[in-house]
Amino acid sequence: MADQQREFFYRRLHSLLGVVPIGLFLTQHLFVNHFAVYGEESFNKAAGFMAELPFVILLEIFVIYLPILYHAVLGVYIAFTAKNNTSRFSYFRNWMFRLQRITGIITLIFIVWHVWETRVQVGLGNAEVEYSLMENILTNPFMFWFYLVGIISAVFHFANGLWSFLVSWGITQSPKSQKVATYAVVLVFLVVSYLGVRTLIQFAYGV
Amino acid sequence: MAEQKTVTFIITRQDGPDSAPYEETFEVPYRTNMNVISGLMEIRKNPVNAKGEKTTPVQWDMNCLEEVCGACSMVINGTPRQSCAALVDELETPIRLAPMATFPVVRDLIVDRERMFDALKQVKAWIPIDGTHDLGPGPRMPEKKRQWAYELSKCMTCGVCLEACPNVNDKSDFIGPAAISQARLFNSHPTGDMNKSERLEGLMEDGGVSGCGNSQNCVQVCPKGIPLTTSIAAMNRATNIQAFKNFFGSDNAH
Ligand code: HEM
Ligand code: SF4
Ligand code: FES
(Lines give C-alpha, C1' and ligand atoms only; values in the text may rest on other atoms or scores of the structure.)
(Ligands and ions follow the chains in the order given, each with its own letter.)
Protein backbone atom coordinates (compact mmCIF):
# COMPACT_ATOMS: atom_id res chain seq x y z
CA MET A 1 0.00 0.00 0.00
CA ALA A 2 1.46 3.26 -1.10
CA ASP A 3 2.04 5.76 1.68
CA GLN A 4 -0.40 8.35 0.39
CA GLN A 5 -3.15 5.76 0.13
CA ARG A 6 -3.48 5.19 3.89
CA GLU A 7 -6.56 7.36 4.21
CA PHE A 8 -8.35 5.32 1.55
CA PHE A 9 -7.59 2.09 3.40
CA TYR A 10 -8.57 3.52 6.80
CA ARG A 11 -11.86 4.84 5.46
CA ARG A 12 -12.78 1.59 3.74
CA LEU A 13 -11.95 -0.33 6.89
CA HIS A 14 -14.10 2.12 8.89
CA SER A 15 -16.99 1.54 6.51
CA LEU A 16 -16.64 -2.24 6.53
CA LEU A 17 -16.39 -2.48 10.32
CA GLY A 18 -19.56 -0.39 10.67
CA VAL A 19 -21.50 -3.26 9.09
CA VAL A 20 -19.34 -6.31 9.75
CA PRO A 21 -19.09 -6.88 12.65
CA ILE A 22 -20.53 -3.86 14.49
CA GLY A 23 -23.87 -3.61 12.69
CA LEU A 24 -24.37 -7.36 12.82
CA PHE A 25 -23.52 -7.35 16.50
CA LEU A 26 -26.00 -4.54 17.20
CA THR A 27 -28.79 -6.45 15.46
CA GLN A 28 -27.89 -9.70 17.18
CA HIS A 29 -27.67 -7.97 20.58
CA LEU A 30 -31.13 -6.41 20.29
CA PHE A 31 -32.53 -9.68 18.93
CA VAL A 32 -31.22 -11.77 21.83
CA ASN A 33 -32.34 -9.18 24.39
CA HIS A 34 -35.82 -9.32 22.92
CA PHE A 35 -36.18 -12.73 24.62
CA ALA A 36 -36.97 -10.66 27.72
CA VAL A 37 -40.42 -10.11 26.25
CA TYR A 38 -41.11 -13.86 26.65
CA GLY A 39 -40.27 -13.74 30.35
CA GLU A 40 -37.39 -13.61 32.78
CA GLU A 41 -36.50 -17.29 32.30
CA SER A 42 -36.29 -16.92 28.59
CA PHE A 43 -34.02 -13.87 28.77
CA ASN A 44 -31.69 -15.42 31.31
CA LYS A 45 -31.37 -18.52 29.14
CA ALA A 46 -30.58 -16.53 25.98
CA ALA A 47 -28.18 -14.11 27.70
CA GLY A 48 -26.59 -17.01 29.54
CA PHE A 49 -26.01 -18.83 26.25
CA MET A 50 -24.22 -15.79 24.82
CA ALA A 51 -22.15 -15.33 27.98
CA GLU A 52 -21.07 -18.96 27.95
CA LEU A 53 -19.91 -19.12 24.34
CA PRO A 54 -16.43 -20.62 24.16
CA PHE A 55 -13.60 -18.06 24.09
CA VAL A 56 -16.15 -15.39 24.91
CA ILE A 57 -13.52 -12.84 25.96
CA LEU A 58 -11.67 -13.22 22.63
CA LEU A 59 -14.94 -12.96 20.74
CA GLU A 60 -15.78 -9.81 22.64
CA ILE A 61 -12.39 -8.23 22.01
CA PHE A 62 -12.12 -9.00 18.31
CA VAL A 63 -15.77 -8.85 17.27
CA ILE A 64 -16.93 -6.01 19.50
CA TYR A 65 -14.42 -3.88 21.42
CA LEU A 66 -11.62 -3.35 18.90
CA PRO A 67 -13.89 -2.75 15.88
CA ILE A 68 -16.07 -0.28 17.82
CA LEU A 69 -13.02 1.47 19.25
CA TYR A 70 -11.53 1.90 15.77
CA HIS A 71 -14.82 2.94 14.18
CA ALA A 72 -15.60 5.38 17.01
CA VAL A 73 -12.19 7.08 17.09
CA LEU A 74 -12.05 7.60 13.32
CA GLY A 75 -15.79 8.38 13.35
CA VAL A 76 -15.38 11.26 15.81
CA TYR A 77 -12.54 12.62 13.66
CA ILE A 78 -14.69 12.37 10.50
CA ALA A 79 -17.67 13.95 12.26
CA PHE A 80 -15.64 16.98 13.32
CA THR A 81 -13.99 17.54 9.95
CA ALA A 82 -17.38 18.18 8.32
CA LYS A 83 -18.73 21.71 8.06
CA ASN A 84 -22.47 21.10 8.22
CA ASN A 85 -24.52 23.34 5.98
CA THR A 86 -28.10 22.11 6.26
CA SER A 87 -29.29 25.69 6.79
CA ARG A 88 -28.09 26.65 3.31
CA PHE A 89 -28.73 23.29 1.62
CA SER A 90 -31.66 21.62 3.35
CA TYR A 91 -31.85 18.56 1.08
CA PHE A 92 -32.88 15.17 2.48
CA ARG A 93 -29.48 13.51 2.03
CA ASN A 94 -27.68 16.49 3.55
CA TRP A 95 -29.84 16.06 6.66
CA MET A 96 -29.05 12.35 6.72
CA PHE A 97 -25.35 13.25 6.45
CA ARG A 98 -25.68 15.53 9.47
CA LEU A 99 -27.80 13.06 11.45
CA GLN A 100 -25.27 10.30 10.74
CA ARG A 101 -22.67 12.39 12.54
CA ILE A 102 -24.95 13.51 15.39
CA THR A 103 -26.22 9.97 16.06
CA GLY A 104 -22.62 8.69 15.95
CA ILE A 105 -21.69 11.01 18.82
CA ILE A 106 -24.86 10.17 20.82
CA THR A 107 -24.23 6.47 20.24
CA LEU A 108 -20.67 6.81 21.50
CA ILE A 109 -21.79 8.46 24.75
CA PHE A 110 -24.51 5.83 25.16
CA ILE A 111 -22.21 2.86 24.49
CA VAL A 112 -19.57 4.06 26.97
CA TRP A 113 -22.18 4.46 29.71
CA HIS A 114 -23.97 1.20 28.86
CA VAL A 115 -20.76 -0.86 28.82
CA TRP A 116 -19.62 0.70 32.09
CA GLU A 117 -22.95 -0.03 33.77
CA THR A 118 -23.27 -3.62 32.54
CA ARG A 119 -20.22 -5.42 31.17
CA VAL A 120 -17.65 -3.66 33.35
CA GLN A 121 -19.69 -4.15 36.52
CA VAL A 122 -20.15 -7.82 35.64
CA GLY A 123 -16.41 -8.10 35.03
CA LEU A 124 -15.66 -6.50 38.42
CA GLY A 125 -17.99 -8.99 40.06
CA ASN A 126 -20.45 -6.28 41.14
CA ALA A 127 -23.31 -7.59 39.00
CA GLU A 128 -24.52 -10.61 37.09
CA VAL A 129 -25.91 -10.92 33.59
CA GLU A 130 -29.55 -11.42 34.39
CA TYR A 131 -32.99 -9.95 33.97
CA SER A 132 -32.90 -8.02 37.26
CA LEU A 133 -29.76 -6.08 36.25
CA MET A 134 -31.58 -4.43 33.35
CA GLU A 135 -34.84 -4.21 35.26
CA ASN A 136 -33.14 -2.21 38.03
CA ILE A 137 -31.57 0.17 35.53
CA LEU A 138 -34.63 0.72 33.37
CA THR A 139 -37.29 1.18 36.01
CA ASN A 140 -35.66 4.57 36.61
CA PRO A 141 -37.55 6.84 34.16
CA PHE A 142 -34.46 8.93 33.36
CA MET A 143 -32.47 5.85 32.42
CA PHE A 144 -35.41 4.56 30.39
CA TRP A 145 -35.38 7.69 28.24
CA PHE A 146 -31.58 7.69 28.07
CA TYR A 147 -31.65 4.13 26.75
CA LEU A 148 -34.49 4.93 24.37
CA VAL A 149 -32.54 7.80 22.79
CA GLY A 150 -29.33 5.74 22.80
CA ILE A 151 -30.86 2.73 21.08
CA ILE A 152 -32.78 4.72 18.49
CA SER A 153 -29.62 6.71 17.70
CA ALA A 154 -27.55 3.57 17.32
CA VAL A 155 -30.13 1.91 15.08
CA PHE A 156 -30.59 5.04 12.97
CA HIS A 157 -26.82 5.31 12.61
CA PHE A 158 -26.61 1.67 11.59
CA ALA A 159 -29.51 1.81 9.12
CA ASN A 160 -28.41 5.05 7.46
CA GLY A 161 -24.83 3.77 7.59
CA LEU A 162 -25.94 0.70 5.69
CA TRP A 163 -27.21 3.01 2.96
CA SER A 164 -23.89 4.83 2.67
CA PHE A 165 -22.00 1.55 2.98
CA LEU A 166 -23.74 0.45 -0.22
CA VAL A 167 -22.46 3.63 -1.90
CA SER A 168 -18.95 3.47 -0.40
CA TRP A 169 -18.52 -0.02 -1.80
CA GLY A 170 -19.98 0.98 -5.15
CA ILE A 171 -22.92 -1.42 -4.91
CA THR A 172 -25.71 1.13 -5.38
CA GLN A 173 -24.59 3.34 -8.24
CA SER A 174 -27.71 4.48 -10.11
CA PRO A 175 -30.07 7.03 -8.52
CA LYS A 176 -32.82 4.42 -8.76
CA SER A 177 -30.95 1.76 -6.81
CA GLN A 178 -30.00 4.37 -4.22
CA LYS A 179 -33.66 5.24 -3.83
CA VAL A 180 -34.69 1.61 -3.39
CA ALA A 181 -31.88 1.27 -0.82
CA THR A 182 -33.39 4.21 1.07
CA TYR A 183 -36.69 2.35 1.42
CA ALA A 184 -34.88 -0.84 2.40
CA VAL A 185 -32.91 0.83 5.20
CA VAL A 186 -36.05 2.56 6.50
CA LEU A 187 -37.43 -0.95 6.93
CA VAL A 188 -34.24 -2.05 8.71
CA PHE A 189 -34.52 0.99 10.97
CA LEU A 190 -38.16 0.24 11.87
CA VAL A 191 -37.66 -3.49 12.49
CA VAL A 192 -34.46 -3.23 14.55
CA SER A 193 -35.80 -0.21 16.49
CA TYR A 194 -38.91 -2.19 17.31
CA LEU A 195 -36.80 -5.02 18.77
CA GLY A 196 -34.87 -2.59 20.95
CA VAL A 197 -37.75 -0.42 22.12
CA ARG A 198 -40.06 -3.35 22.80
CA THR A 199 -37.39 -4.87 25.07
CA LEU A 200 -36.90 -1.58 26.93
CA ILE A 201 -40.64 -1.40 27.64
CA GLN A 202 -40.56 -4.95 28.95
CA PHE A 203 -37.73 -4.21 31.39
CA ALA A 204 -39.15 -0.85 32.50
CA TYR A 205 -42.84 -1.64 32.80
CA GLY A 206 -42.96 -5.44 32.80
CA VAL A 207 -45.37 -5.48 29.87
CA MET B 1 -40.87 60.89 -16.70
CA ALA B 2 -41.20 58.60 -13.65
CA GLU B 3 -38.23 58.33 -11.35
CA GLN B 4 -35.56 55.86 -12.51
CA LYS B 5 -36.13 52.41 -10.92
CA THR B 6 -33.08 50.98 -9.13
CA VAL B 7 -31.92 47.60 -7.88
CA THR B 8 -30.07 47.27 -4.58
CA PHE B 9 -26.93 45.15 -4.50
CA ILE B 10 -25.26 44.31 -1.18
CA ILE B 11 -21.79 43.08 -2.02
CA THR B 12 -19.24 41.39 0.23
CA ARG B 13 -15.97 42.98 -0.78
CA GLN B 14 -12.35 42.37 0.06
CA ASP B 15 -9.48 44.55 -1.14
CA GLY B 16 -6.89 41.79 -1.33
CA PRO B 17 -6.15 38.18 -0.36
CA ASP B 18 -5.15 39.13 3.19
CA SER B 19 -7.45 42.06 3.94
CA ALA B 20 -10.67 41.87 5.94
CA PRO B 21 -14.00 41.49 4.10
CA TYR B 22 -16.63 44.24 4.36
CA GLU B 23 -20.06 44.91 2.89
CA GLU B 24 -20.91 47.71 0.52
CA THR B 25 -24.36 48.61 -0.83
CA PHE B 26 -25.05 49.94 -4.31
CA GLU B 27 -28.15 51.31 -6.01
CA VAL B 28 -27.96 50.33 -9.66
CA PRO B 29 -30.28 51.73 -12.35
CA TYR B 30 -32.70 49.03 -13.47
CA ARG B 31 -32.96 47.85 -17.05
CA THR B 32 -35.28 45.13 -18.31
CA ASN B 33 -33.75 41.64 -18.61
CA MET B 34 -30.56 42.65 -16.81
CA ASN B 35 -28.44 39.95 -15.19
CA VAL B 36 -26.13 40.20 -12.18
CA ILE B 37 -23.13 40.88 -14.43
CA SER B 38 -24.79 43.83 -16.12
CA GLY B 39 -25.46 45.18 -12.63
CA LEU B 40 -21.78 44.83 -11.82
CA MET B 41 -20.92 46.58 -15.09
CA GLU B 42 -23.10 49.53 -14.04
CA ILE B 43 -21.14 49.73 -10.80
CA ARG B 44 -17.90 49.68 -12.76
CA LYS B 45 -19.18 52.55 -14.94
CA ASN B 46 -20.13 54.62 -11.92
CA PRO B 47 -18.43 53.35 -8.74
CA VAL B 48 -20.49 55.27 -6.22
CA ASN B 49 -22.04 53.41 -3.29
CA ALA B 50 -25.53 53.87 -1.84
CA LYS B 51 -24.30 56.56 0.55
CA GLY B 52 -23.15 58.57 -2.46
CA GLU B 53 -19.45 58.03 -1.73
CA LYS B 54 -16.99 57.39 -4.52
CA THR B 55 -15.45 53.93 -4.16
CA THR B 56 -13.36 51.44 -6.12
CA PRO B 57 -15.21 49.43 -8.79
CA VAL B 58 -16.19 45.91 -7.68
CA GLN B 59 -13.98 43.23 -9.25
CA TRP B 60 -15.40 39.98 -10.62
CA ASP B 61 -14.39 37.25 -13.01
CA MET B 62 -16.16 36.32 -16.25
CA ASN B 63 -15.50 35.02 -19.69
CA CYS B 64 -18.13 33.25 -21.79
CA LEU B 65 -21.28 35.00 -20.50
CA GLU B 66 -23.31 31.92 -21.42
CA GLU B 67 -22.78 29.54 -18.50
CA VAL B 68 -20.10 27.38 -20.07
CA CYS B 69 -16.82 28.64 -18.62
CA GLY B 70 -17.62 28.69 -14.90
CA ALA B 71 -15.47 31.75 -14.21
CA CYS B 72 -18.28 33.99 -12.94
CA SER B 73 -19.46 31.75 -10.09
CA MET B 74 -20.32 33.54 -6.87
CA VAL B 75 -22.78 33.23 -4.00
CA ILE B 76 -25.97 35.03 -5.01
CA ASN B 77 -28.56 35.38 -2.24
CA GLY B 78 -26.94 32.47 -0.43
CA THR B 79 -26.81 30.14 -3.44
CA PRO B 80 -23.58 29.45 -5.33
CA ARG B 81 -24.25 29.90 -9.06
CA GLN B 82 -23.11 31.63 -12.24
CA SER B 83 -23.69 35.39 -12.18
CA CYS B 84 -24.01 35.54 -15.97
CA ALA B 85 -27.03 33.21 -15.81
CA ALA B 86 -28.64 34.98 -12.82
CA LEU B 87 -31.40 37.26 -14.07
CA VAL B 88 -32.21 40.18 -11.79
CA ASP B 89 -35.96 39.85 -12.45
CA GLU B 90 -35.86 36.34 -10.99
CA LEU B 91 -33.96 37.30 -7.83
CA GLU B 92 -35.19 38.56 -4.51
CA THR B 93 -34.00 42.07 -3.72
CA PRO B 94 -31.79 43.35 -2.25
CA ILE B 95 -29.43 41.09 -4.18
CA ARG B 96 -26.60 39.86 -1.99
CA LEU B 97 -23.36 38.92 -3.72
CA ALA B 98 -20.43 37.23 -2.00
CA PRO B 99 -17.39 35.27 -3.14
CA MET B 100 -17.55 31.47 -2.78
CA ALA B 101 -16.26 30.76 0.73
CA THR B 102 -14.53 27.48 -0.19
CA PHE B 103 -11.85 29.26 -2.19
CA PRO B 104 -9.28 31.91 -1.28
CA VAL B 105 -10.43 35.38 -2.31
CA VAL B 106 -8.21 37.26 -4.74
CA ARG B 107 -10.22 40.46 -4.67
CA ASP B 108 -13.93 41.23 -4.10
CA LEU B 109 -15.85 38.50 -5.96
CA ILE B 110 -12.82 36.92 -7.64
CA VAL B 111 -11.68 33.65 -6.09
CA ASP B 112 -8.74 31.39 -6.83
CA ARG B 113 -9.98 27.98 -7.96
CA GLU B 114 -6.49 26.53 -8.29
CA ARG B 115 -7.29 23.67 -5.90
CA MET B 116 -9.71 22.34 -8.52
CA PHE B 117 -6.98 22.26 -11.13
CA ASP B 118 -4.63 20.60 -8.66
CA ALA B 119 -7.36 18.00 -8.09
CA LEU B 120 -7.59 17.36 -11.84
CA LYS B 121 -3.83 16.81 -11.83
CA GLN B 122 -4.11 14.40 -8.90
CA VAL B 123 -6.54 12.21 -10.85
CA LYS B 124 -4.76 12.73 -14.19
CA ALA B 125 -7.90 14.04 -15.88
CA TRP B 126 -6.53 13.96 -19.41
CA ILE B 127 -5.59 11.38 -22.04
CA PRO B 128 -1.88 11.11 -22.81
CA ILE B 129 -1.53 10.66 -26.57
CA ASP B 130 1.54 12.75 -27.38
CA GLY B 131 4.48 10.78 -28.70
CA THR B 132 7.11 10.65 -31.40
CA HIS B 133 5.00 9.10 -34.16
CA ASP B 134 1.39 8.95 -35.33
CA LEU B 135 -0.47 6.30 -33.34
CA GLY B 136 -3.36 6.22 -35.78
CA PRO B 137 -7.04 6.38 -34.81
CA GLY B 138 -8.03 5.13 -31.38
CA PRO B 139 -10.65 2.49 -30.60
CA ARG B 140 -14.29 3.40 -31.10
CA MET B 141 -16.67 4.14 -28.30
CA PRO B 142 -20.10 2.53 -27.90
CA GLU B 143 -22.79 5.12 -28.64
CA LYS B 144 -24.67 4.44 -25.41
CA LYS B 145 -21.56 5.09 -23.38
CA ARG B 146 -20.78 8.21 -25.38
CA GLN B 147 -24.15 9.61 -24.40
CA TRP B 148 -23.59 9.47 -20.64
CA ALA B 149 -19.92 10.37 -20.94
CA TYR B 150 -20.94 13.50 -22.86
CA GLU B 151 -22.97 14.63 -19.86
CA LEU B 152 -19.87 14.34 -17.66
CA SER B 153 -17.83 16.35 -20.17
CA LYS B 154 -20.03 19.39 -19.53
CA CYS B 155 -18.20 20.16 -16.28
CA MET B 156 -16.79 23.70 -16.37
CA THR B 157 -14.81 23.49 -13.10
CA CYS B 158 -17.03 26.25 -11.75
CA GLY B 159 -16.65 25.19 -8.11
CA VAL B 160 -20.33 25.30 -7.18
CA CYS B 161 -20.32 21.63 -6.14
CA LEU B 162 -17.29 22.21 -3.89
CA GLU B 163 -18.98 25.22 -2.32
CA ALA B 164 -22.02 23.07 -1.45
CA CYS B 165 -20.04 20.10 -0.09
CA PRO B 166 -19.80 19.90 3.72
CA ASN B 167 -16.61 17.81 3.43
CA VAL B 168 -14.72 20.33 1.28
CA ASN B 169 -13.36 22.78 3.84
CA ASP B 170 -10.16 23.95 5.46
CA LYS B 171 -10.16 21.03 7.92
CA SER B 172 -10.09 18.41 5.16
CA ASP B 173 -8.11 17.83 1.97
CA PHE B 174 -11.03 16.29 0.07
CA ILE B 175 -10.71 17.18 -3.63
CA GLY B 176 -14.50 17.38 -4.11
CA PRO B 177 -16.98 15.88 -6.59
CA ALA B 178 -15.89 17.56 -9.85
CA ALA B 179 -12.51 15.84 -10.20
CA ILE B 180 -13.94 12.46 -9.20
CA SER B 181 -16.46 12.74 -12.01
CA GLN B 182 -13.72 13.81 -14.44
CA ALA B 183 -11.67 10.71 -13.59
CA ARG B 184 -14.76 8.70 -14.54
CA LEU B 185 -15.11 10.65 -17.79
CA PHE B 186 -11.55 9.93 -18.91
CA ASN B 187 -11.73 6.31 -17.77
CA SER B 188 -14.86 5.84 -19.86
CA HIS B 189 -12.97 6.91 -22.98
CA PRO B 190 -11.54 3.89 -24.87
CA THR B 191 -8.09 5.48 -25.20
CA GLY B 192 -8.22 6.93 -21.70
CA ASP B 193 -9.07 3.47 -20.46
CA MET B 194 -5.48 2.43 -21.22
CA ASN B 195 -4.28 4.55 -18.28
CA LYS B 196 -7.28 3.82 -16.12
CA SER B 197 -5.35 2.62 -13.08
CA GLU B 198 -3.29 5.82 -12.88
CA ARG B 199 -6.47 7.86 -12.41
CA LEU B 200 -7.83 5.37 -9.89
CA GLU B 201 -4.55 5.51 -7.96
CA GLY B 202 -4.94 9.29 -7.88
CA LEU B 203 -8.46 8.89 -6.51
CA MET B 204 -7.10 6.58 -3.81
CA GLU B 205 -4.56 9.12 -2.64
CA ASP B 206 -5.25 11.21 0.43
CA GLY B 207 -8.12 13.62 -0.14
CA GLY B 208 -9.47 11.36 -2.88
CA VAL B 209 -12.77 9.57 -3.34
CA SER B 210 -12.90 8.24 0.23
CA GLY B 211 -13.39 11.81 1.46
CA CYS B 212 -17.00 11.71 0.25
CA GLY B 213 -19.59 11.42 3.01
CA ASN B 214 -22.68 11.19 0.77
CA SER B 215 -24.39 14.46 1.61
CA GLN B 216 -25.26 14.53 -2.11
CA ASN B 217 -25.54 18.33 -2.20
CA CYS B 218 -23.29 18.40 -5.26
CA VAL B 219 -25.75 16.69 -7.56
CA GLN B 220 -28.51 19.08 -6.43
CA VAL B 221 -26.54 22.25 -7.15
CA CYS B 222 -24.53 21.44 -10.29
CA PRO B 223 -25.67 23.94 -12.96
CA LYS B 224 -24.86 21.40 -15.67
CA GLY B 225 -26.96 18.63 -14.12
CA ILE B 226 -23.97 16.28 -13.99
CA PRO B 227 -24.82 12.99 -12.21
CA LEU B 228 -22.03 13.55 -9.66
CA THR B 229 -23.27 11.05 -7.08
CA THR B 230 -23.47 8.32 -9.73
CA SER B 231 -19.89 9.18 -10.68
CA ILE B 232 -18.78 9.01 -7.05
CA ALA B 233 -20.41 5.61 -6.50
CA ALA B 234 -18.92 4.37 -9.80
CA MET B 235 -15.47 5.51 -8.73
CA ASN B 236 -15.96 3.94 -5.31
CA ARG B 237 -16.58 0.64 -7.06
CA ALA B 238 -13.66 1.08 -9.45
CA THR B 239 -11.15 2.09 -6.73
CA ASN B 240 -12.20 -0.84 -4.53
CA ILE B 241 -11.65 -3.26 -7.40
CA GLN B 242 -8.33 -1.58 -8.19
CA ALA B 243 -7.27 -1.92 -4.53
CA PHE B 244 -8.04 -5.65 -4.61
CA LYS B 245 -6.15 -6.06 -7.89
CA ASN B 246 -3.17 -4.17 -6.48
CA PHE B 247 -3.06 -6.28 -3.34
CA PHE B 248 -3.83 -9.73 -4.67
CA GLY B 249 -2.22 -9.16 -8.03
CA SER B 250 -3.88 -9.11 -11.43
CA ASP B 251 -2.91 -9.09 -15.10
CA ASN B 252 -5.60 -6.50 -15.62
CA ALA B 253 -4.35 -3.93 -13.12
CA HIS B 254 -3.22 -1.50 -15.83
C1 HEM C 1 -23.58 0.91 17.25
C2 HEM C 1 -22.41 1.18 16.79
C3 HEM C 1 -22.16 1.67 15.37
C4 HEM C 1 -22.57 1.12 14.19
C5 HEM C 1 -23.41 -0.13 14.00
C6 HEM C 1 -22.05 1.95 13.14
C7 HEM C 1 -22.24 1.71 11.80
C8 HEM C 1 -21.83 2.53 10.77
C9 HEM C 1 -21.97 2.27 9.37
C10 HEM C 1 -22.56 1.01 8.76
C11 HEM C 1 -21.48 3.34 8.70
C12 HEM C 1 -21.45 3.53 7.17
C13 HEM C 1 -20.09 3.45 6.61
C14 HEM C 1 -20.02 4.07 5.24
O15 HEM C 1 -20.42 5.22 5.05
O16 HEM C 1 -19.54 3.41 4.33
C17 HEM C 1 -21.03 4.29 9.65
C18 HEM C 1 -20.51 5.50 9.34
C19 HEM C 1 -20.09 6.43 10.27
N20 HEM C 1 -19.98 6.22 11.63
FE21 HEM C 1 -20.65 4.61 12.65
N22 HEM C 1 -21.36 2.99 13.66
C23 HEM C 1 -21.41 2.86 15.05
C24 HEM C 1 -20.84 3.69 15.97
C25 HEM C 1 -20.26 4.91 15.66
C26 HEM C 1 -19.70 5.77 16.64
C27 HEM C 1 -19.61 5.52 18.13
C28 HEM C 1 -19.23 6.87 15.96
C29 HEM C 1 -18.53 8.05 16.56
C30 HEM C 1 -18.91 9.25 16.47
C31 HEM C 1 -19.54 6.68 14.55
C32 HEM C 1 -19.27 7.58 13.53
C33 HEM C 1 -19.51 7.39 12.19
C34 HEM C 1 -19.35 8.39 11.15
C35 HEM C 1 -18.86 9.82 11.32
C36 HEM C 1 -19.71 7.77 9.95
C37 HEM C 1 -19.72 8.41 8.56
C38 HEM C 1 -18.55 8.00 7.76
C39 HEM C 1 -18.62 8.52 6.35
O40 HEM C 1 -19.63 9.10 5.95
O41 HEM C 1 -17.65 8.34 5.63
N42 HEM C 1 -20.15 5.47 14.40
N43 HEM C 1 -21.25 3.78 10.92
S1 SF4 D 1 -19.46 19.25 -11.54
FE2 SF4 D 1 -21.01 20.85 -11.96
S3 SF4 D 1 -20.93 22.15 -10.10
FE4 SF4 D 1 -19.08 20.89 -10.07
S5 SF4 D 1 -17.51 22.16 -11.05
FE6 SF4 D 1 -18.39 20.86 -12.70
S7 SF4 D 1 -20.06 22.10 -13.54
FE8 SF4 D 1 -19.51 23.07 -11.61
S1 FES E 1 -19.10 33.95 -17.63
FE2 FES E 1 -18.77 31.89 -18.22
S3 FES E 1 -20.17 30.85 -16.94
FE4 FES E 1 -20.63 32.93 -16.51
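This is a chat about a predicted model with a ligand and protein chains A and B.

User: What about the charges in chain B, how far apart are their mean positions?
Analyst: There are 26 positive and 31 negative charges in chain B, and their mean positions are 5 Å apart.

User: Which helix of chain B is mostly covered?
Analyst: Take helix 1 of chain B, residues 36-45, where 7 of the 10 residues are buried. Among them are B:Val36, B:Leu40 and B:Ile43, and B:Glu42 is on the buried list too.

User: What do those buried residues of helix 1 pack against?
Analyst: Strands of chain B: the buried residues of helix 1 pack against strand 1 (6-13), strand 2 (22-29), strand 3 (73-76) and strand 5 (95-98).

User: Switching to the ligand. Which residues come nearest to ligand 1?
Analyst: Ligand 1 has 25 residues around it, and A:Arg11, A:Ser15, A:His71, A:His157 and A:Ser164 come nearest.

User: Why is the site of ligand 1 called shared?
Analyst: The site is shared between chains because residues from both A and B surround ligand 1.

User: Which helices of chain A supply at least two residues of the shell?
Analyst: Four stretches of chain A each do that: helix 1 (6-33), helix 3 (56-81), helix 4 (92-123) and helix 6 (141-168).

User: What do the polar side-chain atoms do there?
Analyst: A:His71 has a polar side-chain atom 2.8 Å from a nitrogen atom of ligand 1. For A:His157, an N or O atom of the side chain is 2.7 Å from a nitrogen atom of the ligand. A:Ser168 has a side-chain N or O atom 2.8 Å from an oxygen atom of ligand 1.

User: Back to single residues. Is A:Glu60 buried or exposed?
Analyst: A:Glu60, in helix 3 of chain A, is buried, because its relative accessible area of 13% is under the 20% cut-off. Apart from neighbours within four places in sequence, A:Glu60 is in contact with A:Tyr65 and A:Arg119.

User: And B:Gln182, what is that one in contact with?
Analyst: B:Gln182 sits in helix 5 (residues 177-188) of chain B and counts as buried at 10% relative accessibility. Beyond its neighbours within four places in sequence, its contacts are B:Leu120, B:Ala125, B:Leu152 and B:Cys155.

User: Now the backbone. Where are there cis peptide bonds?
Analyst: A cis bond joins A:Val20 and A:Pro21, with omega about 10 degrees, and A:Pro21 is in helix 1 of chain A. A cis bond also joins B:Thr93 and B:Pro94, with omega about -5 degrees. B:Pro94 is in the loop between strand 4 (79-82) and strand 5 of chain B.

User: Which residues have a positive phi without being glycine?
Analyst: B:Thr157 has a phi of about 50 degrees, and B:Asn214 has one of about 65 degrees. B:Thr157 is in the loop between helix 3 (143-152) and helix 4 (160-164) of chain B, while B:Asn214 lies in the loop between helix 6 (196-204) and helix 7 (217-221).

User: Are those two buried or exposed?
Analyst: B:Thr157 counts as buried at 15% relative accessibility, and B:Asn214 counts as buried at 9%.

Definitions and conventions
Residues are numbered from 1 along each chain as its sequence is written. Chains are lettered from A and ligands numbered from 1 in the order in which they are written. This is a predicted model: local features need pLDDT of at least 70, side-chain atom pairs count only at pLDDT 80 or more; totals for chains, interfaces and linings use all residues. Side-chain values use heavy atoms; hydrogens and water are left out. Lys and Arg count as positive and Asp and Glu as negative; His and the chain ends are not counted. The place of a charge is taken as NZ of Lys, CZ of Arg, CG of Asp or CD of Glu. A residue is near a molecule or strand if one of its heavy atoms lies within 4 Å of it. A polar contact is a pair of N or O atoms within 3.5 Å; within protein, one must be able to donate a hydrogen and the other to accept it, and residues adjacent in sequence count only if both atoms are side-chain atoms. Buried means under 20% relative accessible area, exposed over 50%, partly exposed in between (1.4 Å probe, protein chains only). Contact means heavy atoms within 4.5 Å.
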